[in-house]
Amino acid sequence: MTATQRPPIELDGFRLSGHVHRVRLMLSLLGLPFREHEIDLPKGEHKQPEFLARNVFGQVPVLRDGELQLADSNAICVYLAGTYDASRRWWPTEPLAQAQVQRWLSAAAGPLAFGPSIVRAARLFKRPMEASPTAVAERLFKTMEAHLEGRDWLALDHATLADVAMYTYTAHAPEGGLWLDDYPRIRAWLARVEALPGFVGMTHSPLPERAAA
């Protein structure tokens, strides 16, 4: 299939989302034509089964490039830069340079997302200023539990950095009183990670007392 015959890149987005804009900006910087589809977040379109099939977390953006479908703004930008930037200016191949870029992707997914992004959203959409960390953790674990149905690993059919990145704070969640009894697939996944050759665990801290049933 030639470039002119290739289906255009499709982007599920929302005009006021900074995460979507991140992808839109990357597409523009790379000179890639695309079609954007506005997802009606105020009406909950992103929480409907059709959209959840594209992104289990129910979030924009979602990118479709031919048969490939990918969610998460940072992941999409890595894919676009790695696929379409022959110079590798945006996503370098040299390990140290790549690591120096990755540390800022982590900052974007961490303090930027849970600081300025939340404050802005609270003002624009009249949301609570911050969600309970316990509620955030429980939503994540429910999403992971559903996602692990019929699969052994989070991303591919083998262990990847995704499993490494998600392991420790999940495995040690009970130390904060976030018990994993209701998540059998997560517990089985943790056991698979722990069975990997070369696995090393982190020192366990004392568990809190459990509330009486």
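Analyst: Buried means under 20% relative accessible area, exposed over 50% and partly exposed in between (1.4 Å probe, protein chains only). The model is predicted, so local features need pLDDT of at least 70 and side-chain atom pairs count only at pLDDT 80 or more, while totals for chains, interfaces and linings use all residues. Residues are numbered from 1 along each chain as its sequence is written, and side-chain values use heavy atoms, without hydrogens and water.

User: How many helices and strands does the protein have?
Analyst: Helices (H or I, at least four residues) and strands (E, at least two) are DSSP runs, numbered from the N terminus. From that end, the elements of the protein follow the order β-α-β-α-β-β-α-α-α-α-α-α-α. The secondary structure therefore amounts to nine helices and four strands.

User: What share of the 213 residues in the protein is buried?
Analyst: The C-alpha atoms fill a box of roughly 60 × 45 × 35 Å along the principal axes. Of the 213 residues of the protein, the buried ones make up 31%.

User: In what order do the four strands form the sheet?
Analyst: Two strands pair if DSSP finds at least two bridges between them. Strand 1 (residues 9-13) and strand 2 (residues 34-38) run parallel and are joined by five bridges, whereas strand 3 (residues 62-65) and strand 4 pair in the antiparallel sense over four bridges. The pairing in this open sheet is mixed, and the order of its strands is 2-1-3-4.

User: Which strands are the edge strands?
Analyst: The open sheet has the order 2-1-3-4. An edge strand here pairs on one side only, and this applies to strand 2 and strand 4 (68-71).

User: Which residue in strand 2 is the bridge partner of glutamate 10?
Analyst: Glu10 points one way from strand 1 together with Asp12, while Ile9, Leu11 and Gly13 point the other way. Across the pairing with strand 2, the bridge partner of glutamate 10 is arginine 35.

User: How many of the five residues of strand 1 are buried?
Analyst: Residues on both sides of strand 1 are buried, with Ile9 and Glu10 among them. Strand 1 is largely enclosed by the rest of the structure, because the number of its five residues that are buried is five.

User: What distance separates the C-alpha atoms of glycine 13 and glutamate 38?
Analyst: Glycine 13 belongs to strand 1 and counts as buried because its relative accessibility is 0%. Taking contact as heavy atoms within 4.5 Å, and leaving out residues up to four places away in sequence, glycine 13 touches Val20, Glu36, His37, Glu38, Ile39 and Val60. Although glycine 13 and glutamate 38 are 25 residues apart along the chain, their C-alpha atoms are separated by 5.2 Å.

User: At what angle does helix 1 run to strand 1?
Analyst: Axes are lines fitted to C-alpha atoms, for helices over the stretch in contact, and angles run from 0 to 180 degrees between N-to-C directions. Helix 1 lies across strand 1, strand 2 and strand 3. Its angle to strand 1 is about 155 degrees.

User: How are helix 1 and helix 3 oriented to each other?
Analyst: The axes of helix 1 (residues 18-29) and helix 3 (residues 73-84) come within 9 Å and cross at roughly 10 degrees. Angles under 35 degrees count as roughly parallel, over 145 as roughly antiparallel, 65 to 115 as roughly perpendicular and the rest as oblique. Therefore the orientation of helix 1 to helix 3 is roughly parallel.
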